[in-house]
Amino acid sequence: MKTIRLIAFILTIIAGMAYPIFKIIRIEYPAQEPVVYRFRSGAVDPYDPFRGRYVTLRPLPDRIPDDGAIYPYNARLYASIGNDSDGLATVQKLSTVQPENGDFIIVKYRNKRVDWENRENADKNKKYHFFNLPFSRYYLNEKLAPEAEKAVADVTRADTSDCILKVKVYDDGHAIIDELEIKGIPLLEYLKNRRK
Amino acid sequence: MSRKNYKFMEWLLNELPVLREKSVLEQEASERLDVYYRKQLAEAPSPQKYLSGVLSAFGALLIGLGLVLLVAFNWDMLPKIWRLGIAFLPLLAAAGFGIFTIAKDKDHRWREASAVISMAGVVTLTSLVSQIYHLDGTLESFMRLILLVTLPLLYIFRSYAYAIMYCIGIFFLARSDNQWLNFAYFMVPLPFLIWNLRPGTSNYQSAFARWLMLPLSLFLIILMKKQSDAIFGLAAFSAMFYSGGMFFRERGVSGLRNPWLFGGWLGITLLLLFGWGARSGISDSYFVTVVVGVSLLISIVFACIPRNVEKISGVIAMVLFMVCAATISEKQLISWFCHGILLALGTANIIQGVRRRRIISFNAGMLQVALLAYVRFFSDDFDLFWRAIGFMTIGVAFVVANIILSRKIRNYNEEEVSK
């Protein structure tokens with residue numbers, strides 16, 4: 001009985017390590033080198049009880065013009081991505097099947113609606129597909145997070161292209177944040193400079 | 001095997017000299033009883049044993065929480081490889097601690113601490129990796145992963161502290177639409193709790209299992225999503241806890257050790273008073289049908305071993321309530337039906353209380369009838385004067401009825417003694 005319990009416990013510990021190790025291997029040793037894209041972004045500063053303080057980012061673009069397709073809420077879709085003339089990431093197309101060519105990211109579909117954010121100039125006849133890109137958290141030391149949030153808010157109020165998320169996009173559609181840059185400088189360095 | 005009542009044994013041991021002195025018991029029989037019950041008491045699990053278990057689990061919990069907070073601080077001044085290395089340390093330390101506990105067959109304090117620290121180790125590792133790579137993901141998916149991979153700890157260490165954390169953690173999954181997956185999460189700790197309810201386990205263990213079944217059942221009711229379905233779930237669980245609570249009361253389990261009885265009674269009373277407001281026909285959810293069906297079946301089993309009018313009346317009341325909620329759509333009619341059932345149940349409890357000279361059953365019935373009278377007749381249509389008179393009348397009725405019943409019980413006991 002003791003041996004069975006011992007084996008079961010060791011298996012439990014291995015199971016507890018399995019997911020983190022799987023993630024580390026997938027990120028650090030990908031079959032194909034990831035491509036780095038630069039996404040415009042805004043930010044707010046919330047808290048996760050287990051993982052600590054983070055800056056919630058709102059990576060852009062989070063919509064494409066309506067192409068007549070219908071997707072259910074929360075559907076897992078493939079977003080084909082590319083770069084615009086400024087070198088910033090764009091989403092070209094949403095699809096339910098994995099694209100054969102080019103880079104793509106797996107996104108969660110939200111809804112199709114008019115872009116009401118620009119209230120006064122909203123075109124009621126033009127609808128968009130809205131979706132969530134799978135990278136919206138940038139974890140930070142809890143002392144730095146409020147400062148970072150303020151810095152990001154100050155910068156993005158004027159121009160969202162001053163706050164850039166460098167994202168590694170892997171060939172299987174997964175993406176992770178590599179760096180958060182403000183005015184071309186990594187966030188931590190930017191905060192250090194700001195304090196001086 | 002019936003549950004051992006150690007307090008009664010202590011009382012009896014104190015009584016033995018008196019019984020000998022009054023020649024109720026012979027010397028030899030008294031000595032035999034004395035030896036027998038002293039041995040039983042010596043073998044009894046001491047409250048200190050459980051207290052030290054609780055304290056060691058609490059200590060381990062604090063260590064675990066400390067670890068999680070240490071992680072949440074975010075050590076971004078360290079290089080990534082260092083942080084990744086550090087992330088594994090708590091779980092590796094917990095593994096060593098757990099292996100030592102199992103290999104040396106340590107007692108329940110070590111087992112509790114091992115389970116809690118191992119869980120904290122998994123939480124720390126997963127959190128740190130998420131933090132280092134800025135991984136997305138909801139709290140729900142995080143908790144689902146943690147509960148899934150750490151669940152064996154419950155059975156490996158037979159840990160009550162882990163069971164409590166699991167029952168809290170499971171509520172993070174409630175927002176998910178996948179009812180059957182969540183049902184699986186509900187089912188997995190159930191054998192552990194049921195095992196603790198079997199005859200022969202200590203009072204503390206079985207009381208713990210009874211308490212923990214309440215939040216687990218609440219989780220199932222929350223999973224039903226629609227208010228009308230949840231009402232059916234609440235009715236079925238109220239019936240189950242009421243008859244289950246009665247079942248354990250018959251075996252000498254009462255007060256705080258038997259929360260099912262009060263929980264079930266409260267559920268039945270509130271549903272019959274107000275629950276009819278959420279009526280909406282028969283549920284088309286297969287999940288709801290299975291949960292309600294199984295709960296009712298368990299209620300019937302509890303009510304029939306051994307058969308008892310009080311237990312059965314609670315189950316019948318809830319079945320009738322469900323029939324009314326499923327078939328009657330007219331608001332006035334269903335309210336009359338439900339209140340009629342409550343009146344019958346309250347009256348039955350009063351009668352049972354008088355017949356069996358049980359003051360708790362009597363007062364439970366009185367309270368049901370009084371609440372019904374208040375809800376039915378003391379609405380806004382009555383002004384303050386009449387409401388005041390009504391309250392006082394019910395209060396006086398309570399006091400007088402209790403005095404009469406107490407006297408009756410005392411007279412009966414005196415008659416029994418004089419016989």
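Colleague: How many Å separate the centres of domain 1 and domain 3 of chain B, taken over C-alpha atoms?

Modeller: This is a predicted model, in which local features need pLDDT of at least 70, side-chain atom pairs count only at pLDDT 80 or more, and totals for chains, interfaces and linings use all residues. Residues are numbered from 1 along each chain as its sequence is written, while chains are lettered from A and ligands numbered from 1 in the order in which they are written. Chain B is divided into domain 1 (1–44), domain 2 (53–219) and domain 3 (224–374), with bounds from an automatic or database domain assignment. Over C-alpha atoms, the centres of domain 1 and domain 3 of chain B are separated by 40 Å.

Colleague: Which element of chain B has the highest mean pLDDT?

Modeller: pLDDT is the predictor's confidence in each residue, from 0 to 100, and chain B averages 84, with 92% of its residues scoring at least 70. Elements are DSSP runs numbered from the N terminus: helices (H or I, at least four residues) and strands (E, at least two). Among those of chain B, α3(B) has the lowest mean, 69, and the highest, 94, belongs to α7(B).

Colleague: Now the two chains together. How many residues does chain A give to the contact?

Modeller: Two residues are in contact if their C-beta atoms, placed from the backbone, lie within 7 Å. Chain B brings 35 residues, and the number from chain A is 32.

Colleague: And on chain B, which element gives the largest share of the side that touches chain A?

Modeller: Elements giving two or more residues to this side are α3 (47–72), α4 (80–103), α5 (108–132), α6 (139–150) and α7 (152–157) of chain B. The largest share, 9 residues, comes from α5(B).

Colleague: Are α1(A) and α4(B) roughly parallel or roughly antiparallel?

Modeller: Helix α1 (residues 2–28) of chain A packs against α4(B) with the axes 9 Å apart, at an angle of about 170°. Axes are lines fitted to C-alpha atoms, for helices over the stretch in contact, and angles run from 0 to 180 degrees between N-to-C directions. Angles under 35 degrees count as roughly parallel, over 145 as roughly antiparallel, 65 to 115 as roughly perpendicular and the rest as oblique. The pair is therefore roughly antiparallel.

Colleague: Within chain B, is the crossing of α5(B) and α6(B) left-handed or right-handed?

Modeller: Their axes come within 10 Å and cross at roughly 140°, so the two helices are oblique to each other. A crossing is left-handed if the near helix is turned anticlockwise from the far one by less than a right angle, and right-handed if clockwise. This crossing is right-handed.

Colleague: How many nonpolar residues are in the contact of α8(B) with α11(B)?

Modeller: In this contact Tyr160(B), Ala163(B), Ile164(B) and Cys167(B) of α8(B) meet Phe208(B), Leu212(B), Pro215(B) and Leu216(B) of α11(B). Ala, Val, Leu, Ile, Met, Phe, Trp, Tyr, Cys and Pro count as nonpolar, Asp, Glu, Lys and Arg as charged, and the others, Gly among them, as polar. With no polar and no charged residues, the nonpolar count is 8.
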